[in-house]
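Please work through each task before reading its solution.

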Amino acid sequence: MTIPALEPLTVDVRRTMGMTVVFADDVEVNVDVITLRTHCPCADCRGRRDRNQPVGGDAPSIVNAELHGALGIAFEWNDGHSTGIHSWQLIRQLGEAS
Ligand SMILES: [Zn+2]
């Protein structure tokens, strides 16, 4: 038996709060907005984390969110950043870690 890809059933994004995702296996995870912003998976933010530099501003909020199917979700942030795509796998890990 193969493990099905992590597919979201419902995605609820709250601009200044974060997001709630219910996955196909009925697991619900909540990820707060600061965690989402600081874990941006793009190369730029990864590099900042590697150098122990701050990622994102003090009060991140989501300006726009675009679903990319099975891939994940792309956020546009109030600091103008919009290059990262958070995979569903990442969202799930962040939600389960919190
Ligand atoms: Zn980034």
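**Exercise 1.** Which residue in E6 is the bridge partner of Gly72?

*Solution.* The model is predicted: local features need pLDDT of at least 70, side-chain atom pairs count only at pLDDT 80 or more, and totals for chains, interfaces and linings use all residues. Residues are numbered from 1 along each chain as its sequence is written, and side-chain values use heavy atoms, with hydrogens and water left out.
- Step 1. Helices (H or I, at least four residues) and strands (E, at least two) are DSSP runs, numbered from the N terminus.
- Step 2. Strand E5 (residues 72–77) is joined to E6 by 3 bridges, and the two run antiparallel; strands pair if DSSP finds at least two bridges between them.
- Step 3. The partner of Gly72 in E6 is Ser87.

**Exercise 2.** Determine the order of the open sheet and which strands stand at its edges.

*Solution.* 
- Step 1. The sheet has 3 strands in the order E4-E5-E6, paired antiparallel.
- Step 2. E4 (62–68) and E6 (85–87) each have a single partner strand, so one side of each lacks a neighbour in the sheet.

**Exercise 3.** Is Arg37 buried or exposed, and which residues does Arg37 touch?

*Solution.* 
- Step 1. Arg37 belongs to helix H1 (residues 33–38).
- Step 2. Buried means under 20% relative accessible area, exposed over 50%, partly exposed in between (1.4 Å probe, protein chains only). Arg37 counts as buried because its relative accessibility is 4%.
- Step 3. With contact meaning heavy atoms within 4.5 Å, and not counting residues up to four places away in sequence, Arg37 touches residues including Cys45, Trp77 and Asp79.
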